[in-house]
Every structure is written in structure tokens, then in C-alpha cells.
Amino acid sequence: PPLIRREDYTPFPWLVPEIALDFDLGLDRTRIRSALTVQRNSAAVPNDMIRLNGDGLTPVEVKVDGEAINDWSMDDADLMLPLRGDSHLVEVITEIDPSANSQLMGLYASNGMLCTQCEAEGFRRITFFPDRPDVLSTYRVRMEGPKDQFPVLLSNGNCVAEGEAGNGRHWAEWHDPWRKPSYLFALVAGDLVANRDSFTTRSGRKVDLAIWVREGDLERTGHAMESLKNSMKWDEETFGREYDLDLFNIVAVSDFNMGAMENKGLNIFNTKYVLADTETATDGDYDAIEGVIGHEYFHNWSGNRITCRDWFQLSLKEGFTVLRDQLFSADMGSEPVKRIEDVRILRSVQFPEDSGPLAHPIRPDSYREISNFYTATVYNKGAEVIRMMRTMAGPEAFRKGTDLYFDRHDGEAATCEDFVSSIEEGAGLDLGQFRLWYSQAGTPKLSVRLDHAGETATLHLSQQVPATPGQAEKKPMPIPLRIALFDPETGRHDGEKLVVLTEAEANFSFDGFARKPILSINRGFSAPVSIDRRIDSEDLVFLAANDDDPFARYEAMQDLVVGHLREAISGSLDQAGISAGRAAIRKALSAILQDDALDDLMRGELMIMPSQSYLAEQMLVADPAAIHREREGLKAWLAGELGSELLALHDRAGSVSAGSDAAARGARKVRGQALAYLAAGDADRAARLASAQYDAAANMTERQSALVALAGLEVPQRAERLKDFYDRYRGNALVIDKWFAIQAQSLHPDALQHVKALADHPDFTLRNPNRVRSLYMAFAVNPHAFHAADGEGYRMIADLILALDPINPQTAARFVPPLGRWRRIEPGRAELMRAQLERIAAAPNLSRDTHEQVSRSLG
Ligand code: DPP
Ligand code: ZN
């Protein structure tokens, strides 16, 4: 497959101001007539041919200006037509089989309904079209089909006409007044019911809202609807963005590759991000729904009104929209807790990506398959980069920058550069050097030391940006750091400062310190860097107990544990060193358990141990077995030392854990954390506690955390409660996904055997992405099982990739990165991982998706 390069961008020689689509719908046979008005693009190099992208299509009929023609040709999968004049009407008929579309790209059948997914390049699987985001058209869509099978017919924009067609058939016509690229096209036809509501915008437009689901799911759409209304209001208040149609539809489908899709006026969602009630969804699920509903809604401006010029600019809409959804969720709930959660995801998913064979800048320079670039780097690091601009500008000036961006580029297909220039000008920042964040991959490593002499404290900073594939040499990046200097005796500081490191090395001096202060740095995680700080563990214990920046407090706790485990894992600690390290952690954790000033949501965050993947990331070459052993060993030791405090917390939280307010949610969170520690200690006691919690649970949050604890233990209650859970929720796909995932992710020594057996369970299928992920992604991120010393875990993931690739290549390719980490794993396992990648690479007919990921991983 060819390499596509950012620098090769050229505008398309033809404009397509209008497209009319006519669908004759059927599950196994849908016929599509499309009519494009095309005009020469005076801004492009003229071309007497038009290339209409296709994927797996054969034209049934081609007409130009009303006449059937036969001088068309195919170039691979694309349709090439000669066009000699300045404007033409091009009509093409295609026919597809939605029920055979297991890739879930284009138009496909799911549970008897028809739906679409067109981002990034799915529209070309429906009809021939210049399927690129810089070709903007207004869409008119007519669809017709059997009324009993498809009583509901939806597309983008407004329904302008509908009627009966005889023979039990009906039709509807939709018109979207806003120009859009093909990736935002959507169509849904099925037997659905709606939760209806409305929202009046600040300028008085009444918008009808509908969330469409299958009969029986309606009662679980309330939270999604509340989240939607909150999103609409928040975007008006925070970014000045108002909705621009009279109708906003959301449809939930159970077979979906992504989380959700922002199609204009017709968002299509994975059911996972719509359906919730307290019996079947956890607090985490509720938060995820709010975040994704917000995310897709916010795309209406950051993505739809202003879209991307080409797919290299993906972070233009995704990085910005992730930042917008993060700020929204922070405003709806706890800002510090949200920040910590976002950083945890960044560091456990994006940092490993940035230090491995698939590292790429947030604005990539080349790709073979764009689906492979919907990554944590483009999304989450992309959001961090824009957040840094906001930190440097301050929120008010940043808003001036975004206002200018929306004003200046509304209706356009824009670039990341357009965004940066708008912020630069609107916010009054110089972002010259800052643009390196768009072009350089890799997580900068920052070394930090604080010296003290006389009354002066001097902060020494140096940065190093590691080499990444294709980028051996790096330039220093501007790194904005929020810092504070604490007086160790008063426990206070005299105000936070922002320092921006722009050189490879620099010193910053601060006067007026009679005593050596304690440094709190990268407060709020102001820059997405990894920090190596020379700091005593007493100072970390101090910060973990006293820092007034909640993130910094969390970070001190993490550093304390990471620092200790790193030494313990490397074997460089003697008995005294182990005792001293553990004692410091015990002291800090105990302070967290006791601190009455902390709310439980925050306490729960502070209790969470650094993940194995984050720990592995700290080492050049990691031994997963040693990491697992030391991390679990520390947990078990803490469970023993702080057993009565943890039990008391579990008990106290159990008495206040009902309800949906922050206090109850916090109680459920610390309850789950307390149980996780206790389960590492005395197994019988933990099993009794967890079983009792499971049996008494009035909500999924508590039931799930109890089952997670039990699933990791070799106790009789394990099988009993797993069976109960399955019987209780049989038929509810989203909850059965949890049942698979809990077992695949468990700490149980036989987790790998359990996954093998579950693959043969009648409820398991490779055809549903949620189900595949619930078993195999959960397994691939379960280090002790995936990294089984004999390589069996690697073989299972390779087998999965090979089996799934012909069915759903986009989802199959997502399983390559866990194997791609091989260079950072100890040599014995590394060899076994590499061998599996070689085996995949040697398979015939590999998809472009999987082929690209495997060859980059081996390269
Ligand atoms: N639907 C995906 C998202 O919203 C891709 N745009 O991020
Ligand atoms: Zn998005």
C-alpha cells in the first residue's frame, strides 16, 4: 500500500457543491443512486479527469449530464471519468450488501437495522465520491424501504418530506443546509424508539432532541439526554457556540468500531456511551457517557462547522474537542479528579505509544491507513498541547483565540496551522517555537533539581526529547511549568508561578528563602512531560500530605511509589532500603486514609497505585513478572500494615454509598479501592467482605468492584458470584461485556486459561467489537496474563489478530500495539513477541490496517 504524505497535499481539481442520494434500502441489497453537481475548482491545477473514490464497488450505471457513458475506467478501486467542460452533473448507481459488511465501515446491518459509519473513508464503500474532508457539499437524501422493517428513516439535517410508497413501503427525504465533507454523512433505518426532549438556545432557537434506541432500552437513556442538554448549554457559556439546526438526533447501535460519531445532526453512538441505569452501569460508565456525549456534540463546531483540510490535520478537531470535553466534564463534576483521571490515561496509553515503534507527532507526516492514526497521541496528547496554550495565555485570552478561530474559519476545511495562528493572534501569544509540539514526536524528559544558598533557591531544569522513528534529532520544546515553593515549616507557599523552559537547559532563581523550600512542579500537569526530580522521600511524603494543588499531591504519592518500586524491581535495595521505602509509603497512605479534609472522590484517586504499564514505562527494558510481583507485594504489605484502617474505611463507605451525589460516588470509589488493597492481603477475609458487598449491592458500581476483587482470588465464592452475575444480566450485552472483561483482566493466576475458555463461550463472537474488546483488550492489558513467560498470551493475541483481520481489520489492527512493545521488554519475552509479529506479517492477504501496524512494529 502506498505511503501518503502530508507535504503532498494538493486541492481537489473539482468542487462538488451539491449531492443528491437516493437509497432503495434492504438488509442484503441496497441500491444507491447518487447525483453530483461538479464544477472546476479554480484554486486547483486543472484536470480533465475526475477521480471518484470507491472501495469494493462496481458502478451499475454512470451518466454525465443525463447521458449514459462508457468511457469511464477503474483505477484500482476508484472510478475515473473524463469531464471536459466547467460544470457537469455526474450520476452513478451502485449496489451493496449491508449484511455482508462485517468491517462496520460504510452502510451496514446491525441487529436488523441499517446504519452508517463514514469517518474516515467509509463513504466510498457506499458510493463513488471524492472521499476527502476538503470537498464540502450540501446533501439531499431520499430513502425508501419496507415500513415494518424500517419504520424510522433518519439522515443529516431536517426531514423535509415523507410519505407512503405502496406495497408496505415508505420513504423520507432529508436535507442538510450545512455544507459538509462525506465523512459526516449518516443514514439510519430501523425499528427504533425515541426519548424526546428539547433545548432552547440562547438566541431562542428551539431544538428538538431525540435519542433513538431499541425498544426496551428507552429507560436507560435519561443520563445521556441530561448530558446532551448540559453540553449544549455549556458550549454556549464557555466557548460561545450555539447549535445551528432545529433537530439533533442520536442513535445507539450495538455493533460499532468506535465510541461514537459526530455526523452532522445525526450522531451515531456505540450503545456503551448511551445506555445507563444504576443497576447496570457504574459511576465510571456514567462519566464516560457524559464525556462522549459532550465530545460528539462539541464537534458540531470543532469538526463540523470547521473541519479538517486533510487527515493529517485530525488533531485539529480531535485534540481540541478532547480538551473541550475534558473541561466540560471538569465543570460538571470534580475538576481535580477529572484532571488526575485524564493524566492517568495519558500516561498509561499515550506515553507508551510515544516511546514505542508507533510513535508519531500529533500532526503525523505520513500514513498508509488513516484508521491507524485515531490514537491517544492525536487525541489525548493533542488535547494537552492545546491545554498548554491555554495555560500560557490564561483562560480569558485563550477564549479570544478560539473566538477568532471560529470566526475566521467557519465553513472551511482548516489546518492545525490555522488554529495555532488564530490562538497566537487572538490570545496574544508567540507560538513560534511552540509549533514544535505539532511536528516532534516523543515525550520530553525533564530533569529537575532545586539548590539553595543564602536566601536564594535555584531551580535547574534540563530537557531531552528522545529519538522516535524517523526523527533522530530533536530540538528543545517550550515547556510551561506551574511551580510552587513550600516552606517546610509553615507548610505554605507564597503563590504559584509559571516558568517556561525553552532551552535545553536553564536555571531560575527565587529570592527570599531563609530555609530550603520544597518544590512542587508541573502542578495540574501543566506540560505532558515525564519528570525526573531529585527529591527526598520525606519531601514527597510532605507534598503527598500537604500540597494545595490536588494533582501535585497525587503526583507526590505516585512518585513515592514509583521511585520505591523502580529500585525494588531492579534489585538494588537491601532489606533496610525496602523497609525505609515501604515505611514512607505507609506513612503517606495512612495520612490519605485519615485526612478528614479530603473528599472521598479525591481520596480514591490518591489511593490508586501506579499502573503496571506506567511502571514499565519508567524502565528502559521491563520485566513484567518482576513488576507484577513487586507491585502486588507492596499492596499486600500495605493491606497487612493498614488492615484496620482499610477495613474501617470500607465499612464507613458502605453506610453512605447509596445515591448519585458526589459523596455517595466518592464512597463507592474508596470502597472499591479499600477492597482492592484488602484482596491483596488475607484472601479469605477479602472473599467474605467482597461476597457480602456483592450480595448487598444496590448498584453496578459496588457489584462490579466486589466481583473484580473476587475474580482475582482462588476462593469458592469466585465461581458462585460469577455465575450469579451472568444469570442476573444474561441478555444485557453491555453487562455481559463486563462479565467477560472482569475475568480477562483479573489478577487470578489462571486468567490466561480463563480467557481461552471464554473464547469458546456461546456468547462470544468476533463480529461484535465491544465483545471482542471485552475479552481480548482486557486480556492484552492484563500484564501478568498477557506476559505469561512461555509466550502463550502473545500467541493468543496473534491468533486473534489473524482471525479478526478478514472480518474487521480496523479493530484487528488495534491489537498490534501490545505486541509492538517488544523492544522495551526483557529479551526472553521480547523474542517471543517479535516471533508472533513475524508470524502475522507472513500471513497472506493481510489488511492495510494490520499490515501497516505490524511492519512499523517490526521496523
Ligand atoms: N467519532 C470519533 C470521535 O468523535 C471520530 N471522529 O472522536
Ligand atoms: Zn472526536
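Colleague: How many bridges join S27 to strand S30?
Modeller: Four, and the two strands run antiparallel. S30 covers residues 518-521. Bear in mind that this is a predicted model.

Colleague: Which residue does Phe 486 stand opposite in S30?
Modeller: Ile 518.

Colleague: What else does S27 pair with in the antiparallel sense?
Modeller: Strand S28, residues 497-501, over five bridges. Within that pairing, Leu 481 has Val 499 as its bridge partner.

Colleague: Is S27 mostly covered or mostly open?
Modeller: Mostly covered. S27 spans residues 479-486, and seven of its eight residues are buried.

Colleague: Let's zoom out. What domains is the chain divided into?
Modeller: Domain 1 is 4-191, domain 2 is 307-439 and domain 3 is 446-527. Then come domain 4 at 535-641, domain 5 at 643-727 and domain 6 at 730-859.

Colleague: How many residues are in contact between domain 4 and domain 6?
Modeller: Nine residues of domain 4 touch seven residues of domain 6. On the domain 4 side, helix H13 (612-617) and helix H14 (624-641) each supply at least two residues. H14 gives the most, with four.

Colleague: And what classes of residue does that side of domain 4 have?
Modeller: Six nonpolar, two polar and one charged.

Colleague: What separates the centres of domain 4 and domain 6?
Modeller: 30 Å, taken over C-alpha atoms.

Colleague: New topic, the ligand. Which residues are around ligand 1?
Modeller: Glu 119, Met 258, Ala 260, Met 261, Glu 262, His 295, Glu 296, His 299 and Glu 318. Strand S20 (260-261) and helix H2 (283-298) are the elements that give two or more residues to that shell.

Colleague: How does the shell around ligand 1 split by class?
Modeller: Four charged, three nonpolar and two polar residues.

Colleague: Glu 119 is in that list. What is the peptide bond from Glu 119 to Ala 120 like?
Modeller: That bond is cis, with omega near 0°. Ala 120 sits in the loop between strand S11 (113-117) and strand S12 (137-146).

Colleague: S12 again. Which open sheet is S12 part of, and in what order do the strands come?
Modeller: An eight-stranded one, ordered S6-S5-S9-S3-S2-S12-S15-S14, with mixed pairing. Its edge strands are S6 (67-68) and S14 (158-166), and each of those pairs on one side only.

Colleague: How many bridges join S3 to S9?
Modeller: 10, in an antiparallel arrangement. S3 is residues 30-40 and S9 is residues 87-96.

Colleague: Now packing. How many residues does the largest nonpolar core have?
Modeller: It has 241 residues. Those with the most contacts inside it are Val 188, Val 251, Ile 268, Val 274, Leu 560, Ala 690 and Ile 797. Helix H10, residues 550-570, gives the most to this core, with 10 residues.

Colleague: Take Val 188. What is Val 188 in contact with, leaving aside its neighbours within four places in sequence?
Modeller: Met 113, Leu 114, Cys 115, Leu 154, Val 251, Leu 266 and Ile 268.

Colleague: Why does Asp 76 count as exposed?
Modeller: Because Asp 76 has 7 C-beta neighbours inside 10 Å, and exposed means 12 or fewer.

Colleague: What about the phi of Asn 845?
Modeller: Positive too, about 60°, and Asn 845 is not a glycine. Asn 845 lies in the loop between helix H27 (827-841) and helix H28 (848-858). Asn 845 counts as exposed, with 7 C-beta neighbours inside 10 Å.

Colleague: Last one. Where is the place of Gly 643?
Modeller: In helix H15, residues 643-654. Gly 643 is partly exposed, because 15 other C-beta atoms lie within 10 Å. The C-alpha atoms of Gly 643 and Tyr 677 are separated by 8.8 Å, and the two residues are 34 residues apart along the chain.

Terms used: Residues are numbered from 1 along each chain as its sequence is written. Chains are lettered from A and ligands numbered from 1 in the order in which they are written. This is a predicted model: local features need pLDDT of at least 70, side-chain atom pairs count only at pLDDT 80 or more; totals for chains, interfaces and linings use all residues. Domain bounds come from an automatic or database domain assignment. Two residues are in contact if their C-beta atoms, placed from the backbone, lie within 7 Å. Ala, Val, Leu, Ile, Met, Phe, Trp, Tyr, Cys and Pro count as nonpolar, Asp, Glu, Lys and Arg as charged, and the others, Gly among them, as polar. A residue is near a molecule or strand if its C-beta atom, placed from the backbone, lies within 6 Å of it. Two strands pair if DSSP finds at least two bridges between them. A residue is buried if 20 or more other C-beta atoms lie within 10 Å of its own, exposed if 12 or fewer, and partly exposed in between; C-beta atoms are placed from the backbone. A nonpolar core is a set of buried Ala, Val, Leu, Ile, Met, Phe, Trp, Tyr and Cys residues joined through C-beta atoms within 7 Å.
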